[in-house]
Amino acid sequence: MLDCGMHMGFNDDRRFPDFSYITQNGRLTDFLDCVIISHFHLDHCGALPYFSEMVGYDGPIYMTHPTQAICPILLEDYRKIAVDKKGEANFFTSQMIKDCMKKVVAVHLHQTVQVDDELEIKAYYAGHVLGAAMFQIKVGSESVVYTGDYNMTPDRHLGAAWIDRCRPNLLITESTYATTIRDSKRCRERDFLKKVHETVERGGKVLIPVFALGRAQELCILLETFWERMNLKVPIYFSTGLTEKANHYYKLFITWTNQKIRKTFVQRNMFEFKHIKAFDRAFADNPGPMVVFATPGMLHAGQSLQIFRKWAGNEKNMVIMPGYCVQGTVGHKILSGQRKLEMEGRQVLEVKMQVEYMSFSAHADAKGIMQLVGQAEPENVLLVHGEAKKMEFLRQKIEQEFRVSCYMPANGETVTLPTSPNIPVGISLGLLKREMAQGLLPETKKPRLLHGTLIMKDSNLRLVSSEQALKELGLAEHQLRFTCRVHLQDTRKEQETALRVYSHLKSTLKDHCVQHLPDGSVTVESILIQAAAHSEDPGTKVLLVSWTYQDEELGSFLTALLKKGLPQAPS
Amino acid sequence: MAAHLKKRVYEEFTKVVQQQQEEIATKKLRLTKPSKSAALHIDLCKATSPADALQYLLQFARKPVEAESVEGVVRILLEHYYKENDPSVRLKIASLLGLLSKTAGFSPDCIMDDAINILQNEKSHQVLAQLLDTLLAIGTKLPENQAIQSRLVDVACKHLTDTSHGVRNKCLQLLGNLGSLEKSVTKDAEGLTARDVQKIIGDYFSDQDPRVRTAAIKAMLQLHERGLKLHQAIYNQACKLLADDYEQVRSAAVQLIWVISQLYPESIVPIPSSNEEIRLVDDAFGKICHMVSDGSWVVRVQAAKLLGSMEQVSSHFLEQTLDKKLMSDLRRKRTAHERAKELYSSGEFSSGRKWGDDAPKEEIDTGAVNLIESGACGAFVHGLEDEMYEVRIAAVEALCMLAQSSPSFAEKCLDFLVDMFNDEIEEVRLQSIHTMRKISNNITLREDQLDTVLAVLEDSSRDIREALHELLCCTNVSTKEGIHLALVELLKNLSKYPTDRDSIWKCLKYLGSRHPTLVLPLVPELLSIHPFFDTAEPDMDDPAYIAVLVLIFNAAKTCPTMPALFSDHTFRHYAYLRDSLSHLVPALRLPGRKLVSSSVSPNITPHEDPSQQFLQQSLERVYSLQHLDPQGAQELLEFTIRDLQRLGELQSELAGVADFSATYLRCQLLLIKALQEKLWNVAAPLYLKQSDLASAAAKQIMEETYKMEFMYSGVENKQVVIIHHMRLQAKALQLIVTARTTRGVDPLFEMCEKFLQEVDFFQRCFIADLPHLQDSFVDKLLDLMPRLMTSKPAEVVKILQTMLRQSTFLHLPLPEQIHKASATIIEPAGESDNPLRFTSGLVVALDVDATLEHVQDPQSTVKVQVLYPDGQAQMIHPKPADFRNPGPGRYRLITQVYLSHTAWTEPCQVEVRLLLAYNSNARIPKSPWIEGGEGSPQVETSIEGTIPFSKPVKVYIMPKPARR
């Protein structure tokens, strides 16, 4: 099973997947060899405790080390909001999260993990968020690559997704931005920095509502390095809680970050922020410029909303929305230009501060998806994680550019793919060497004809030379001979005819051994040719050509040659 | 056959031994050194096991072999080769054969037959590969011999079908290095033997082993390098290799495609799946562009680098590289660059962005969108956004080269370069700033671009800021607002980083002189001139005010209407700055005033000649010296030295020569003075004080000669001889003085010995120059050398003394170009009154920033010295990476010096200065024997002495006692 996520939009049973699809009835463990989690976002791992503890699954769960570390924090946070704040019953408990995490097996990048006798999995770097991975799943010679979410353009803290040319039978790729080609991120970054810089230089305060993990770290790094470069002293704050814990893990998993952070970490770990400090509620009223990262990202509740209310009245201040806002949230309202907001208790908040929008998203765009498909060279592509209409466009493009079949199944739909698996056959060394010696240049990567006997014995295939096969099977060799009569118009004696045949063949077949035997017959390799007078017509001689099955090629060539007749003797 | 061979080997071997015996008879010296080949033979015969033999061979390989004995050694090796069963020993022998055939002065054609012979009987693949390598070494040694070459090529072709990739690799290498195309042309008539090397190599493009494929491509590139013209047919083969699974193959293939595109830029190739045809160079460009988004970064770097040198590519292909069609939900979107441009042209300047400002516009036809362009689309957009900074740097470099050749492309790539100013890696930022500077002739910055550029001025890295200043020096700005913006940002920079003062002033100087008409309307505002009221006179020492004035005065130079706007104090300030900062403020034609410095205005060239003449004349006057009486000579020397020093101060171009000659004359003066001391006539013990004077003189002459030898760049061998000669005289003087003041013979004996060694050394080093030293001290000394060798110290001293007095004054020929090395410490400035406090026993890092001029190889010679008040001196070797090279002859040292000391009671000053380390032994030519040997080059980093060449700077420090 690939990923075990949840739907953010629902608060009832629909938020978790219906696992009875898998089993109908019976235990999940019997049906699933393993579960693979690509990264820690809740839409990829949110249902994990429910699945393993409440539905019941005891098999292994594979994920990368950073995901293993950060995933429980997010699950716990999610549980708190659902149970403690909304008061939901029938939800997984903290203990369930712990129990579930005990079943997790962590994998390293490019490490091949043997799940059982047949199944093996391997993780590739995917960008997107810390610890995100793509997985190659392989059984025998057949393989599937599942990308999870990935990003083909590097950002301030993560590198780009990369996969080798593994030629899987199927590539399952996300297609969030199936119809988008994005602009260079440099412009976005520059705009962002310029706006923040200008505002703090004016003495204004900047509020950046973010979600605790992922983009927040990227923006922190961005601001931190900018502050460092420009020698700025204005304080930057980060609202506490979840983030501190997460930042700790970001510090630990340096190997998963981009080149710059990996290179400079010997001097200084980039996630040990020099300029970014923990936020305290009281700081919001401090005079002078400051930059604050506050959760949640859509300004719908919590600290970010509180700070927003305090600062909204001053036109020197600025709020920068770094991501998408759902309809109905304060974030969406101000982005669509509303300047007067009705808050609870009928009071009206006038927004004088500047409102900016800046998209920092970490999914591959259409070009990126195509690039990954090009890198992996799959036989089939399957699109998931996107909107049907947009996927349709991308599907056409993939089929057109790469000439591979592409599928986009709806939920619950089954796709059947034809594959042509390789069947390994053992070949005896003697046979191989013999065939090698016969060939001239080793023509590489091209199929080559080989004579031998295929022996199938208890699901084990072997290719051996026919002599050995006979010996092994205890069979006697049968000789199969073809004989053919060729009529020649020749009035001379048999011996002379044979001699003429001999000289003719000798001159045409230069690289074969042609012999004239004392008994008057002619041999070409092992092919025997005898000349006899025709019983009725003395002017016609009958040539008897006889060859074994092994010499079929040469034999038929000879008969064809002889049927054309002999050249006129010079005499 | 084998027996015959063996016999021949033995014959040759015995012959060699005989030769050695003859040698032994004639030259007795060689007796001590056993013959190499004989020793090896004995060793190898002693070896009982292959491991032993291998050990002997390894030992043998460590020592070099003289050219004469190579052949003998080779014979012995071959003999053992035939006997040896162990492949590893054979391998080593084969590799030794290769090494030996590379020996200079040895012609390896004689061993080629044997090498080819053993090649035919060899079974081990590794040994085969090694033997082919040996043949390659032989072949490259004999490039003229066509017969050998073709024979080797035959051998290589025969072994191409070997099953081992190593052997095939070597064969291809051999073909690449030796195969020639001419053969197929000249011997066409013979038909059968004519072979096309390119065809043979090309067949291996599809080998099953990636290493062999790579080797095949490399061989092809090698052929190209050797000047053979590759066939165009290879292009298609190479294009197929671009999709190879292995990165080294792809990387080599990219190179090959580039080579072919340079060879046949104009030929036409069809586009697959359509009827159109395009130029080959365009097609290749598209293909290489595609490789910029390859999976392996090695290939990406390679591709990005090569793009830069494809200048023949058509402009619309070139411009595609910067084009990435944006879309959002299948609707066309404009890039931020396009939006910025539009905003600018519509007159509205960078308004805040609204939600949906970048809302997509028109619908796109789904069929028309091409997600994977086979062409060049967006190659640079990808390259500049790459994950690895190596790729980004390569892309920036390529962008630079292409922009230099195409102004329209330069205009287009500007936005992208400006974006790179915000890269996360400093190297990339720096590189893009430099690139921008290089193409600045072709471009004019828009205001919004300038804005982004200027934002980088606040960067905390000094290199970046200075690079940016240099960029601003040569940019074109389009509007007066732009100039104003630049000035404001530069002043901001100045207040934030006061150390940038000089660089900013220089930048404003060029900015002013480039844009006089744009500065003109800004003058009233900048000088805060009010039409009715007199404004307060600004502070003359304010660096920001000086910066503004530098801008205005330089603009005024070509804008005669500007001075009319100046107020009185501005004129006063002009006069002051013209004097104090004459390199920044030009001479102006001011109304109602005399041209302040018309005499020193542009044409200095006619002035040069008289001063040159003066220099020559005064030197010639001195060289006629020996005829004058000592008193007159001294006076003349003194005056000339004074003249030269003054000349050096006045004429900066002649400073080097003048100083150099003055130093030499000073040495001579000191020598004359020392020789005239009365002490020579009196009994030694009475005049200890006088002898002090003489020995001090000797010491000073030594110092000065070291300075002359090592502190000037452009000193030639002629001068070095004279300098060494002077030093020899100083040493002689020292010897005499010591002889007169010390009692006892033993120390003197040693000194004499040493001095004579020095003389011998001098003779060996400068044997070619001795004829020029007619009648000099050393000339006479060498005449008397046999006598000196045998005589007693006292006698030697006496001879030396008379010779010193008699010797003539050598003429010092002036070198063409000579510059004195100099250094200025910019930081620490030495003005601080606040001591640097640190806990004793720990270290404190002191930033040192200095400019070095005319220093040769500063990485190894320049050291930092710290002098503590207690007399303790510490020498610090800066890292090679601390030196930057901003221009020819100029270096910048930015390093950190660690200070530490035990606790002091009160703060005190330490002195920091720069030293030039020298080692006069480095000039000794190395004996060829050592050069021939492989490995173990003697590291000559030892420092013989140092010369301080910068003014010391005082730093106030205070080590506090550690608190318990």
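How many residues does helix H9 of chain B have, and what should they span at 1.5 Å a residue? I looked this up before anything else. H9(B), residues 165–178, has 14 residues and should span 20 Å. Its end C-alpha atoms are 20 Å apart, which agrees. I took the expected span as 1.5 Å times one less than the number of residues.

**Ground rules**

I note that this is a predicted model, where local features need pLDDT of at least 70, side-chain atom pairs count only at pLDDT 80 or more, and totals for chains, interfaces and linings use all residues. Residues are numbered from 1 along each chain as its sequence is written, chains are lettered from A and ligands numbered from 1 in the order in which they are written, and side-chain values use heavy atoms, with hydrogens and water left out.

**Helix H9(B), continued**

I checked its cover next. H9(B) is largely enclosed by the rest of the structure, because 11 of its 14 residues are buried (under 20% relative accessible area; exposed is over 50%, partly exposed in between; 1.4 Å probe, protein chains only). Among the buried ones I listed B:Val167, B:Cys171, B:Leu172, B:Leu175 and B:Leu178. B:Arg168 and B:Asn169 are buried as well. The cover includes helices H7 (125–141), H8 (146–159), H11 (197–203) and H12 (210–225) of chain B. Helices here are DSSP runs (H or I, at least four residues), strands are runs of E (at least two), and both are numbered from the N terminus.

**Helix H29(B)**

I turned to another helix of chain B. H29(B) covers residues 543–556, which makes 14 residues. From first C-alpha to last, H29(B) reaches 20 Å, close to the 20 Å expected. Of its 14 residues, 12 are buried. Among them are B:Tyr545, B:Ile546, B:Leu549, B:Phe553 and B:Asn554. What do the buried residues of H29(B) pack against? I found helices H25 (480–496), H26 (501–514), H27 (516–519), H28 (523–526) and H30 (568–580) of chain B.

**Chain B as a whole**

I then stepped back. Chain B has 41 helices and 16 strands. Its 964 residues are 50% buried. I looked at contacts (heavy atoms within 4.5 Å) between residues at least 6 apart in sequence; 74% of these join residues at least 24 apart. Chain B exposes about 47100 Å² (Shrake-Rupley method, 1.4 Å probe), and carbon and sulfur atoms supply 53% of that area.

I read off the domains, whose bounds come from an automatic or database assignment. Chain B has domain 1 (38–183 + 194–266), domain 2 (267–322 + 373–442), domain 3 (444–590), domain 4 (665–806) and domain 5 (821–925 + 943–960). The C-alpha centres of domain 1 and domain 2 of chain B lie 37 Å apart. Their contact takes 17 residues from domain 1 and 21 residues from domain 2.

**Domains of chain A**

Chain A is assigned domain 1 (13–180 + 362–407), domain 2 (185–357), domain 3 (426–473) and domain 4 (481–564). I checked one distance: the C-alpha centres of domain 2 and domain 4 of chain A are 96 Å apart.

**Cavities**

How many cavities of 30 Å³ or more does the structure hold? I counted five. A cavity is a set of points on a 1 Å grid, over the protein atoms alone, where a 1.4 Å probe fits but cannot get out; lining residues have an atom within 4 Å of a point. Helices H7 (185–202) and H8 (215–230) of chain A each supply at least two lining residues. H7(A) gives the largest share, three residues.

**Two positive phi values**

Most residues other than glycine have a negative phi. I noted two with a positive one. A:Arg167 has phi near 45 degrees. A:Arg167 sits in the loop between strands E7 (142–146) and E8 (170–174) of chain A. Its relative accessible area is 38%, so A:Arg167 is partly exposed. B:His854 has phi of about 55 degrees. The loop of B:His854 runs between strand E9 (844–853) and helix H40 (858–861) of chain B. B:His854 is partly exposed too, at 26%.

**A:Glu525**

My last entry is a loop residue. A:Glu525 lies between strands E24 (522–524) and E25 (527–533) of chain A. Is A:Glu525 buried or partly exposed? At 42% relative accessibility, it counts as partly exposed. Leaving aside neighbours within four places in sequence, A:Glu525 is in contact with A:His512, A:Cys513 and A:Leu554. A:His512 is 13 residues away in sequence, and 6.7 Å away from C-alpha to C-alpha.

Note on methods
On a 1 Å grid over the protein atoms alone, a cavity is a set of points where a 1.4 Å probe fits but cannot get out, and a pocket is an open set with protein on both sides within 12 Å along at least five of seven lines; lining residues have an atom within 4 Å of a point. Grid points are joined across faces, edges and corners, and a volume is the space filled by probe spheres set on the points.
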